[in-house]
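Have a look at the sequence and the 3D view before reading on.

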Amino acid sequence: MQTSHRRRTAVLAVAFAFAAAALSPAAEPSPSPAQADNPIIQTIYTADPAPLVHNGRVYLYTGHDEDGSTWFTMREWRVWSSEDMVNWTDHGSPLNIDTFSWARQDAWAGQAVERNGKFYWYVPVVNDATGRMAIGVAVADNPTGPFRDALGRPLVENGEIDPSVFIDTDGQAYLYWGNPNLWYVKLNADMTSYSGGVNRIPLTTQGFGVRPGGTDRPTLYEEGPWVYKRGSLYYMVFAAQCCSEHIAYSTAPGPTGPWTYRGTVMPTQGSSFTNHPGVIDYKGSSYFFYHNGALPGGGGFTRSVAVERFTYNADGTIPIINMTTAGPPQVGTLNPFTRQEAETIAWANGVETERSSEGGMNVGWIENGDWIKVEGAAFGSGARTFTARVASATAGGRIEVRLDGPNGPLVGTCTVPGTGGWQVWTNVSCPVSGATGTRDLHLKFTGGGGYLFNVNSWQFTA
Ligand SMILES: [Ca+2]
Ligand SMILES: [Ca+2]
């Protein structure tokens, strides 16, 4: 939210602040159903989900559609994570176009993978020297970055997009990509070079289905491959039949085929003319990530990532998965008695996030009536106090601690003072009464006009 950051430094530019607030994607969402968890990010527009399970946590790599986009205007990638599939922590943007000195624009759909303790993120960007789409690779020492350019040049370039990385059980890694064709290379163990040349996967109707009326493109394959292995079967899930796209898939006995078309995964739904698959298993369930235009102001260039839980059929085929607003059920509960980041959110109403001077992110752009839902907080026999880490360049306000809904039972109210700056942090605490059992925690922010305060983290005591 570059506009917002500049706005924040111009504290006195009140008129500018109102104008920028009108551009904010989630500034004025309509009231949402109590259990809505899709789309899973409400603070910005997100697209092209690429989930990765690492050390018991789901990391979600996405693109970022800029507010008000009328094209695929994307300058950075974002990272989120969750350990319960409903509360998602915002890790900000550890990778952007400027990370690649040779890249011009178009931070489009990529995928990250872990190997030997390093994280490799493959992304398509325009190579400034050629004006063509190329695949770059960034590397980091942990899943949330920061990522650096691993090569200082493209890994591979043929003008096509949408890299998907897959490491087979024998250790051989593959990078697939392509629109309108479908390509792969065999990555070397360093994950930043390849052997055996650039290989083209034959787009046969046996392998990828028949496109109705297709002439230029006879098969359903359009873009966005997502390759993985389950048991001994290899899956390629892809965006099919532009436009609008649906999601379809093929399977093969090996990572390079031969592929057999298997059918539709997700029909054309959801007011975005593109879609993009991401499939994982996590804590005993299978999950399908995709995107749509479901946020206020959403559409084909202002997309949002969502997720559904699904179960494979007994023969390994994938059932039809429909978009929902409810999303998957929570896996386990959230512990409110340990430090929780304020940017760990099931549903945000009216707030945005930014980099915190204390590391990570904080919640900001808080105005009277804004709120955050944190799903399934396990209070057990009860909480006694609530503490939040806050900052305010203005006069502060109040945090109302509510349960079940933004207007649900009020169990505590903390007063936030002015602290002399938006990144001048202090703790505020208040008594809590009546917070028992496992409940959906709502932090509702109240006060006067304008921006009230920021919140970095919070914690209850038992
Ligand atoms: Ca706000
Ligand atoms: Ca934080």
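Is C242 buried, partly exposed or exposed? At 31% relative accessibility, C242 counts as partly exposed.

A few ground rules first. This is a predicted model, where local features need pLDDT of at least 70, side-chain atom pairs count only at pLDDT 80 or more, and totals for chains, interfaces and linings use all residues. Residues are numbered from 1 along each chain as its sequence is written, chains are lettered from A and ligands numbered from 1 in the order in which they are written, and side-chain values use heavy atoms, with hydrogens and water left out.

**Disulfides**

A disulfide is a covalent bond between the sulfur atoms of two cysteines. Here it is called when a pair of cysteine sulfur atoms sits within 2.5 Å. The structure holds two of them:

| Disulfide | Sulfur-sulfur distance |
|---|---|
| C242 and C243 | 1.5 Å |
| C414 and C430 | 2.1 Å |

Like C242, which is partly exposed, C243 counts as partly exposed, with 48% relative accessibility. For C414 and C430, the torsion about the S-S bond is about -100 degrees, so this disulfide is left-handed. C414 lies in strand β30 (residues 410-416) and C430 in strand β31 (residues 421-431), so the pair ties together parts that are 16 residues apart in sequence. Strands are DSSP runs (E, at least two residues), numbered from the N terminus. C414 is buried at 0% relative accessibility, and C430 is buried at 5%.

**The cavity**

On a 1 Å grid over the protein atoms alone, a cavity is a set of points where a 1.4 Å probe fits but cannot get out, and lining residues have an atom within 4 Å of a point. The count comes to one cavity of 30 Å³ or more, and the largest cavity has a volume of about 70 Å³. Its lining includes W80, W88, D90 and E343. Domain 1 (41-310) and domain 2 (340-461) both give residues to that lining, so the largest cavity lies between them; the domain bounds come from an automatic or database domain assignment.

**A look at R148**

R148 is found in strand β9 (residues 148-149), and at 42% relative accessibility R148 counts as partly exposed. R148 and F100 are 48 residues apart in sequence, yet their C-alpha atoms are 8.0 Å apart in space.

How values were computed:
On a 1 Å grid over the protein atoms alone, a cavity is a set of points where a 1.4 Å probe fits but cannot get out, and a pocket is an open set with protein on both sides within 12 Å along at least five of seven lines; lining residues have an atom within 4 Å of a point. Grid points are joined across faces, edges and corners, and a volume is the space filled by probe spheres set on the points. Helices (H or I, at least four residues) and strands (E, at least two) are DSSP runs, numbered from the N terminus. Buried means under 20% relative accessible area, exposed over 50%, partly exposed in between (1.4 Å probe, protein chains only).
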